[in-house]
Amino acid sequence: MNSGQVPSVLVGELPAGARPVDVREADEWAAGHAPDAVHLPMSELGNRLHELPEDQDPLYVICRSGGRSGRVVQYLVGQGYPAVNVEGGMQAWAAAGKPLAGEGPDAPQVI
(Lines give C-alpha, C1' and ligand atoms only; values in the text may rest on other atoms or scores of the structure.)
Protein backbone atom coordinates (compact mmCIF):
# COMPACT_ATOMS: atom_id res chain seq x y z
CA MET A 1 0.00 0.00 0.00
CA ASN A 2 1.09 3.54 -0.53
CA SER A 3 1.24 6.28 2.08
CA GLY A 4 -1.03 8.73 0.20
CA GLN A 5 -4.54 9.74 1.16
CA VAL A 6 -6.18 6.86 -0.70
CA PRO A 7 -5.13 3.39 0.43
CA SER A 8 -3.99 1.55 -2.68
CA VAL A 9 -2.43 -1.67 -3.91
CA LEU A 10 -0.81 -2.76 -7.17
CA VAL A 11 -2.50 -5.48 -9.22
CA GLY A 12 0.42 -7.81 -8.58
CA GLU A 13 -0.04 -7.38 -4.83
CA LEU A 14 -3.66 -8.53 -4.76
CA PRO A 15 -4.01 -11.63 -2.62
CA ALA A 16 -5.19 -14.89 -4.16
CA GLY A 17 -8.97 -15.09 -4.01
CA ALA A 18 -9.52 -11.33 -3.96
CA ARG A 19 -12.80 -10.40 -5.70
CA PRO A 20 -12.47 -6.79 -6.86
CA VAL A 21 -15.45 -4.46 -6.64
CA ASP A 22 -15.67 -3.13 -10.20
CA VAL A 23 -17.22 0.36 -10.23
CA ARG A 24 -17.23 0.84 -14.03
CA GLU A 25 -20.43 1.27 -15.98
CA ALA A 26 -22.39 -1.59 -17.60
CA ASP A 27 -20.83 -1.26 -21.07
CA GLU A 28 -17.31 -1.34 -19.64
CA TRP A 29 -18.18 -4.35 -17.48
CA ALA A 30 -19.72 -6.21 -20.41
CA ALA A 31 -16.64 -5.64 -22.58
CA GLY A 32 -14.29 -7.21 -20.04
CA HIS A 33 -13.94 -7.66 -16.30
CA ALA A 34 -12.14 -9.77 -13.73
CA PRO A 35 -13.92 -13.16 -13.68
CA ASP A 36 -14.67 -13.10 -9.92
CA ALA A 37 -15.35 -9.36 -9.61
CA VAL A 38 -18.47 -7.87 -8.08
CA HIS A 39 -20.10 -5.24 -10.32
CA LEU A 40 -21.34 -2.14 -8.50
CA PRO A 41 -21.24 0.88 -10.84
CA MET A 42 -20.06 4.10 -9.24
CA SER A 43 -23.27 5.79 -10.37
CA GLU A 44 -25.36 3.28 -8.37
CA LEU A 45 -23.09 2.66 -5.40
CA GLY A 46 -24.90 4.87 -2.89
CA ASN A 47 -28.10 2.86 -3.31
CA ARG A 48 -26.37 -0.52 -3.43
CA LEU A 49 -23.96 -0.45 -0.48
CA HIS A 50 -25.79 -3.48 0.93
CA GLU A 51 -24.39 -5.48 -2.02
CA LEU A 52 -20.76 -4.99 -1.02
CA PRO A 53 -19.12 -8.34 -0.26
CA GLU A 54 -19.16 -8.93 3.48
CA ASP A 55 -16.45 -11.59 3.28
CA GLN A 56 -13.78 -9.29 1.79
CA ASP A 57 -11.59 -7.25 4.15
CA PRO A 58 -10.43 -5.02 2.66
CA LEU A 59 -12.61 -4.34 -0.37
CA TYR A 60 -10.41 -4.05 -3.46
CA VAL A 61 -12.05 -1.39 -5.66
CA ILE A 62 -11.21 -1.25 -9.37
CA CYS A 63 -12.19 0.83 -12.42
CA ARG A 64 -10.55 1.39 -15.81
CA SER A 65 -7.44 3.28 -14.70
CA GLY A 66 -7.78 3.99 -10.97
CA GLY A 67 -9.43 7.43 -10.90
CA ARG A 68 -13.04 6.52 -10.24
CA SER A 69 -12.10 3.71 -7.92
CA GLY A 70 -9.93 6.13 -5.95
CA ARG A 71 -12.93 8.40 -5.41
CA VAL A 72 -15.07 5.42 -4.44
CA VAL A 73 -12.44 4.29 -1.94
CA GLN A 74 -12.41 7.75 -0.37
CA TYR A 75 -16.19 7.59 -0.03
CA LEU A 76 -16.22 4.04 1.35
CA VAL A 77 -13.46 4.74 3.87
CA GLY A 78 -15.44 7.80 4.99
CA GLN A 79 -18.43 5.50 5.55
CA GLY A 80 -16.32 3.12 7.65
CA TYR A 81 -15.64 0.44 5.05
CA PRO A 82 -12.15 -1.08 4.72
CA ALA A 83 -11.53 -0.20 1.07
CA VAL A 84 -8.38 -0.12 -1.06
CA ASN A 85 -7.90 1.27 -4.58
CA VAL A 86 -6.39 -1.04 -7.20
CA GLU A 87 -3.77 1.20 -8.86
CA GLY A 88 -3.93 1.30 -12.63
CA GLY A 89 -7.33 -0.39 -12.65
CA MET A 90 -8.41 -2.88 -15.29
CA GLN A 91 -5.77 -1.52 -17.67
CA ALA A 92 -3.08 -2.70 -15.24
CA TRP A 93 -5.02 -5.94 -14.67
CA ALA A 94 -4.99 -6.75 -18.39
CA ALA A 95 -1.36 -5.62 -18.80
CA ALA A 96 -0.39 -8.03 -16.01
CA GLY A 97 -1.92 -10.88 -18.00
CA LYS A 98 -4.69 -11.53 -15.50
CA PRO A 99 -7.82 -13.25 -16.86
CA LEU A 100 -10.72 -11.32 -18.37
CA ALA A 101 -14.34 -12.39 -18.79
CA GLY A 102 -16.82 -10.70 -21.11
CA GLU A 103 -20.56 -10.65 -21.63
CA GLY A 104 -20.71 -10.98 -25.39
CA PRO A 105 -19.43 -12.85 -28.43
CA ASP A 106 -16.27 -10.74 -28.78
CA ALA A 107 -13.01 -11.45 -26.98
CA PRO A 108 -12.95 -9.70 -23.58
CA GLN A 109 -11.15 -6.37 -23.52
CA VAL A 110 -10.81 -3.33 -21.29
CA ILE A 111 -12.59 -0.28 -22.71
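Q: Why is β5 said to be largely enclosed by the rest of the structure?

A: Happy to start there, with the note that this is a predicted model. Four of the five residues of β5 are buried, so this strand is largely enclosed by the rest of the structure. A residue counts as buried when its relative accessible area is under 20%.

Q: What makes β1 a partner of β5?

A: Two strands pair if at least two bridges are found between them. β1 and strand β5, residues 83-87, have three bridges and run in the parallel sense, so they meet that definition. Within this pairing, Leu 10 stands opposite Glu 87 of β5.

Q: Which helix packs on the sheet, and which strands does that helix touch?

A: Helix α2, residues 67-78, packs there, touching β4 (59-62) and β5. The direction of α2 makes about 170° with that of β5.

Q: How do you know that β4 pairs with β5?

A: The same test of at least two bridges applies. Three bridges join β4 to β5, and the two strands run parallel; therefore they count as paired. Leu 59 stands opposite Ala 83 in β5.

Q: What is the order of the strands in the open sheet?

A: The five strands follow the order β1-β5-β4-β2-β3, with parallel pairing.

Q: Why are β1 and β3 called edge strands?

A: Because β1 (8-10) and β3 (38-39) each pair on one side only.

Q: Why is Pro 58 called buried?

A: Its relative accessible area is 17%. The limit for buried is under 20%, so Pro 58 qualifies. Pro 58 lies in the loop between β3 and β4. Leaving aside neighbours within four places in sequence, Pro 58 is in contact with Pro 82, Ala 83 and Val 84. The C-alpha atoms of Pro 58 and Ala 18 are separated by 9.2 Å, with the two residues 40 apart along the chain.

Q: What makes Pro 82 partly exposed?

A: Pro 82 has a relative accessible area of 35%. Pro 82 is found in the loop between α2 and β5. Beyond its neighbours within four places in sequence, Pro 82 is in contact with Asp 57, Pro 58 and Leu 59. Pro 82 and Pro 7 are 75 residues apart along the chain, and their C-alpha atoms are separated by 9.4 Å.

Q: How do the residues lining the largest pocket divide into nonpolar, polar and charged?

A: The lining has nine nonpolar residues, one polar and two charged. Among the lining residues are Leu 14, Gly 17, Asp 36, Trp 93 and Lys 98. Gly counts as polar, while Asp and Lys count as charged. About 150 Å³ of space lies in this pocket.

Notes. Residues are numbered from 1 along each chain as its sequence is written. This is a predicted model: local features need pLDDT of at least 70, side-chain atom pairs count only at pLDDT 80 or more; totals for chains, interfaces and linings use all residues. Side-chain values use heavy atoms; hydrogens and water are left out. On a 1 Å grid over the protein atoms alone, a cavity is a set of points where a 1.4 Å probe fits but cannot get out, and a pocket is an open set with protein on both sides within 12 Å along at least five of seven lines; lining residues have an atom within 4 Å of a point. Grid points are joined across faces, edges and corners, and a volume is the space filled by probe spheres set on the points. Contact means heavy atoms within 4.5 Å. Axes are lines fitted to C-alpha atoms, for helices over the stretch in contact, and angles run from 0 to 180 degrees between N-to-C directions. Buried means under 20% relative accessible area, exposed over 50%, partly exposed in between (1.4 Å probe, protein chains only).
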